[in-house]
Amino acid sequence: MYRIVGSVVILGVLIAISAPRASNQKDKIQTARGVVYHDRNGNQTFDEGDEPLAGIRVSNGHQIVRTNDQGVYELTVDDDNILFVIKPRNWRTPLSEDMLPRFYYIHKPNGSPDLRYGGVEPTGPLPESVDFPLYPQEEPDDFKAILFGDTQPRNQKEVDWIAHDVVEELVGTDASFGVTLGDIVFDDLTVMEPLNRTIALIGVPWYNVAGNHDINYDAKTRKYANETFERIYGPSYYSFDYGPVHFVVVDNIEWLVDSETGKGRYRGGLGEEQLQFIKTDLEQIPEDQLVVLMMHIPLTGTHDRHGLYRLIEKRPFCISISGHTHHHEHVWITDEDGWEGPKPHHHIINVTVCGSWWSGALDERGIPHTTMADGAPNGYSIIKFDGTDYELDFHAAGRPDDYQMEIDAPEVVKVDALADTTVYVNVFNGSEKSTVELKLGDSDWTTMEKTRELDPKFRRTYETEAAILEAGGKFRKLPKPKASSHLWKVNLPAGVPAGTHAIQIRVTDHWGRTFEDRRVIRVED
């Protein structure tokens, strides 16, 4: 029988506490102990009838230990630590009312420094037992996860746009969980909680990555840049298992403050402490297990990325995913960037929910079209896993699932001008490994040429809207067009007779899947 003397709720996680031992706040290093257990009665308190769980990994952000046969772990903590359980397969952690996983205990006896958006209140002395409840759930080899690039609302109005643009269509999803890949909000950290309430309606656990717009800009050091993030979401880097896949949430926002001017800036960076955690974590993950790294700034924009390369480049199954740049791209990292692995590393820069920061003319719903500068629509992706295999699906916000490309062709072409008329196709989820073909009427299929240039349709939209704004338009201006990584072009085939014809497009992606679309044009004598 287990006797509980008291309990306290810390950030939604009920932690079992025995009578606190005497604690000298001047003693920076202490030993934390606790139990990881199957919470059979669901009261989030380790009591009679609950089952201690052996072999469960627990971390303090530096070390990782496993619970013993009695479910007990021990870790050192200082006066600014977060203890967290690394969720194993077929188990889940408690969830907050907003569907945020509560897998951690914050130990900040003196609380956070005084910051504009508020951090953690003083947590007091270290409890005698910091316990983590878990609940069994079935996690098959094949499952789906939702990936949101930068949601980035400035205010409640933009939270409402997210609700109508993406959340409503995802309610009832069969995905197992979702992740926001940083820039959860746009500098105003008070918007995090109303956004959490909206995303919670999707109905699945939701993990969050720290972005450069999610930090405390008034922090004097990187150590305190995530105090508000920690109060709401917990540690800024951690890992968990779902099904056969191991996920690592990476914090690659490095906050630098000039000692003379006091001004801060960010850059992509990991730091030795986090690299040590990732190293320790991955040393305990079998090589035949797929590892997915999730971060905000693309891996190639992280200044100390080569230290991370050394930890993952020999693994046969490893990918990484980011947001930040507000375009969608598949990148294969090779030896040109110092990669030393036997094959290139697949890095996905994910489509953003906010597109181009909620810019562009309003649609019939009163929501900006917010097309990204590479010509792709705003939206989200769903990644499907099956063992070590994965596939990524692009979902344009507010559009049917089969909207996968945009064909740019004139309405009318003269017969003698066909061979001089260029058609562009923007395949939103396309990559260097995609094949795109065109067929006009009864002509043969023609392979299109992959090109990296401005999407001509987006360029026209940008110019048209810029003129409207000069004339007194009231919407936010689109960003300047930038070269698209998923654009193809070809001239139309000659010899097609006059008449109304369909341009047919056939795309085969690097997973071997085929997508088709068409556009009607008129050919005139």
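**Close-up 1. Helix H4 and its buried residues.** In helix H4, the buried residues are Gln274, Leu275, Phe277, Ile278, Thr280, Asp281 and Leu282. Buried means under 20% relative accessible area, exposed means over 50%, and partly exposed lies in between (1.4 Å probe, protein chains only). The model is predicted: local features need pLDDT of at least 70, side-chain atom pairs count only at pLDDT 80 or more, and totals for chains, interfaces and linings use all residues. Residues are numbered from 1 along each chain as its sequence is written, and side-chain values use heavy atoms, with hydrogens and water left out. Helices (H or I, at least four residues) and strands (E, at least two) are DSSP runs, numbered from the N terminus. H4 has 12 residues and spans 16 Å from its first C-alpha to its last, close to the expected 16 Å at 1.5 Å a residue. The expected span is 1.5 Å times one less than the number of residues in the helix.

**Close-up 2. The largest pocket.** The largest pocket holds about 540 Å³ of space. Of its 24 lining residues, those closest to the centre are Lys223, Glu230, Ser236, Tyr237 and Glu273. On a 1 Å grid over the protein atoms alone, a pocket is an open set of points with protein on both sides within 12 Å along at least five of seven lines, whereas a cavity is a set of points where a 1.4 Å probe fits but cannot get out; lining residues have an atom within 4 Å of a point. Grid points are joined across faces, edges and corners, and a volume is the space filled by probe spheres set on the points. Strand E8 (81-85), helix H3 (227-233) and helix H4 (272-283) each supply at least two residues of the pocket lining. The largest share, three residues, comes from E8. By class, the pocket lining has six nonpolar, eight polar and 10 charged residues. Ala, Val, Leu, Ile, Met, Phe, Trp, Tyr, Cys and Pro count as nonpolar, Asp, Glu, Lys and Arg as charged, and the others, Gly among them, as polar.

**Close-up 3. The largest cavity.** The structure holds four cavities of 30 Å³ or more, and about 50 Å³ of space lies in the largest cavity. Its lining is made up of Leu100, Pro101, Arg102, Phe103, Trp206, Tyr207, Asn208, Ile232, Tyr233 and Tyr238. Strand E14 (206-208) and H3 each give at least two residues to this lining, and E14 gives the most, with three. By class, the cavity lining has eight nonpolar, one polar and one charged residues.

Close-up 4. Arginine 513 and aspartate 393 form a salt bridge, with their closest N and O atoms 2.6 Å apart. Arginine 513 lies in the loop between strand E32 (499-508) and strand E33 (514-524) and aspartate 393 in strand E24 (residues 389-396), so the pair links distant parts of the chain, 120 residues apart. A salt bridge is a side-chain nitrogen of Lys or Arg within 4 Å of a carboxyl oxygen of Asp or Glu. Both arginine 513 and aspartate 393 are buried. A network of salt bridges links Lys384, Glu391, Asp393, Asp509 and Arg513. The whole structure has 34 salt bridges.

**Close-up 5. Two further salt bridges.** Glutamate 524 and lysine 414 meet through their side chains in a salt bridge (3.4 Å, N to O). Glutamate 524 is in strand E33 and lysine 414 in strand E26 (residues 412-414), so this pair ties together parts 110 residues apart in sequence. Glutamate 524 is partly exposed at 29% relative accessible area, and lysine 414 is partly exposed at 40%. In the other pair, arginine 310 forms a salt bridge with glutamate 340, the closest N and O atoms being 3.8 Å apart. Arginine 310 is partly exposed, with a relative accessible area of 36%.

**Close-up 6. Two residues with positive phi.** Most residues other than glycine have a negative phi. Asparagine 90 has a positive phi, near 70 degrees, and lies in the loop between E8 and strand E9 (91-92). Asparagine 90 counts as partly exposed at 32% relative accessibility. Aspartate 183 also has a positive phi, of about 50 degrees. Aspartate 183 lies in the loop between strand E13 (177-180) and helix H2 (192-199) and counts as buried at 2% relative accessibility.
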